[in-house]
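Student: Please take a close look at one residue in this chain. Start with its place, then its contacts, then the chain around it.

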Amino acid sequence: MTIDLRSAPVLVVGAGIMGIGIVQVAALAGHPVKLFDMREGAASQALDKLAATLKSLVDKGRLDAEAARAAMARTAAINSLAQARDSALVVEAIVEQLEAKRSLFNELEGIVAPGAVLATNTSSISVTAIANGLQHPGRLVGMHFFNPVPLMKLVEVVSGLQTDAPVADAIFELSKVWGKVPVHAKSTPGFIVNRIARPYYAETLALLLEQAATPQVLDACLKAAGFRMGPCELMDLIGHDTNFAVTNSVYEANFFDKRYLPSLVQREMVAGGLFGRKSGRGFYRYEAGSNGPAPLPVAMHDAPATAHQVTVHGIGPVADHLEHAAIAALAPQGWGPARDLASPWIGLTIDGARLALTDGRTAQQLSRDLGVADIAVFDRPLVQPIAPGTALAYAVAPGARAAWRTQAGAWLAALGFTPLPLADAPGLVVARTIAMLINEGADAVLQGVCDTAGADAAMKLGVNYPAGPFEWLADWSVDGVVGVLRALDAEYRGERYRVSPWLRRHSHGH
């Protein structure tokens, strides 16, 4: 059975930001659209705002005037659900409460035709739970848009246990007609995006709890990895009350799995009313005239002391960059580095001291394992090619000589990075965050929440990540990711960093 919704009369319930955004997309796509809200006058006011929005788009040359007029002519505010009996598609965008949604869909079942599709825009509530009690639960499906609806491309098409496949397929195809990029998802806590994204916040919050670095440094490291906003900036924008509530919801829904453990740092901020931008202060201050985080002060490094022997170790883009950078750094001395392509690690040896790309172990642990005192580890540069001045976290082993503590940063600066010293944290910042995002994506695929392509598309389009988890994995290696996760697990000895069975099965080392 195929369901065609391309010209279906649409009812949108809920005249908030999400609801009116859905009305805009549906009306511009040619559907007759009715809007209902329980608050008296709210639907009419929302359509007035929509008319102003479309006029603004016309004035800016981004929308044809006739298209805007026709879209508004296809919309109508109604004050009773009974006025929408002819709707073939209902999209619900009301308050995020299970009982309110259940009650609405039960009422709608007595109004719309048995063949009408019922869609919920829920971002976190189980679609299976919302469908519980319906006479025809198979026609209920999740159609999760992202804010702002007219601009954000992603739609998570979420199937509950009783959702009929043709219903999900119809919403999938309709989303494409509406100019969106749909991905199929299974109804599990957080669906795709809100689930896989948790480590982006959680790893930074864990590093803050350990006082490994300031919010400014952590944000700088992850923005250098290609993210548009650092996690501290992003949490300030979302609101710590909202972000903390979502984390708690995912934690509880996963039977208190330690992987989703909420942060003591964020709980304290919420308790103190430090919600971020909307309260004037979060990790950063947002008083009048302030734009939030100030530019990161750049430490000046002297040129590294004259070296007698420099060797670049390992293979791959990072090792190649280090070789080219070392050649340039040593050119004034009239010689260049050696290259050890057979080395199992990536980095440099400089007169016996070691500057190593993190494998997840702390510099202290690496020093113990290798019996070398003068060791520093640096974070994983993610964006290729590596741009001059890329911010890069590093840490020096506690037992290193004072001279090496100075030289480690000086060498990273000479190699073209902006070195940012951190406490000796395992996996530093970028490597551990990306490893955990990959790990969460792997578990989502293992559990049938989505496929690898869906996970990549969802994270790039839903939260503007520079790449998806499986794209990062392809540029790294399964064994490399597993190594970082196992080092984190050995350091913290808990459930949080357990390796996904999907990754273990794809690892050479198992």
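Tutor: His313 sits in strand E9, which covers residues 310-313. Strands (E, at least two residues) and helices (H or I, at least four) are DSSP runs, numbered from the N terminus. This is a predicted model: local features need pLDDT of at least 70, side-chain atom pairs count only at pLDDT 80 or more, and totals for chains, interfaces and linings use all residues. Residues are numbered from 1 along each chain as its sequence is written, and side-chain values use heavy atoms, with hydrogens and water left out.

Is His313 buried or exposed? His313 has 9% relative accessibility, so it counts as buried. The cut-offs are under 20% relative accessible area for buried, over 50% for exposed, and partly exposed in between (1.4 Å probe, protein chains only).

Now the side chain. His313 makes a polar contact of 3.2 Å with the side chain of Ser343. Another, of 3.0 Å, links the side chains of His313 and Thr349. A polar contact is a pair of N or O atoms within 3.5 Å; within protein, one must be able to donate a hydrogen and the other to accept it, and residues adjacent in sequence count only if both atoms are side-chain atoms.

Leaving out residues up to four places away in sequence, His313 touches Ala319, Asp340, Ser343, Trp345, Ile346, Gly347, Leu348 and Thr349. Contact here means heavy atoms within 4.5 Å.

Now the whole chain. There are 20 helices and 15 strands. Buried residues make up 53% of the 510 residues. Of the contacts with a separation of 6 or more, 69% join residues 24 or more positions apart. The C-alpha trace spans about 85 × 50 × 40 Å along its principal axes.
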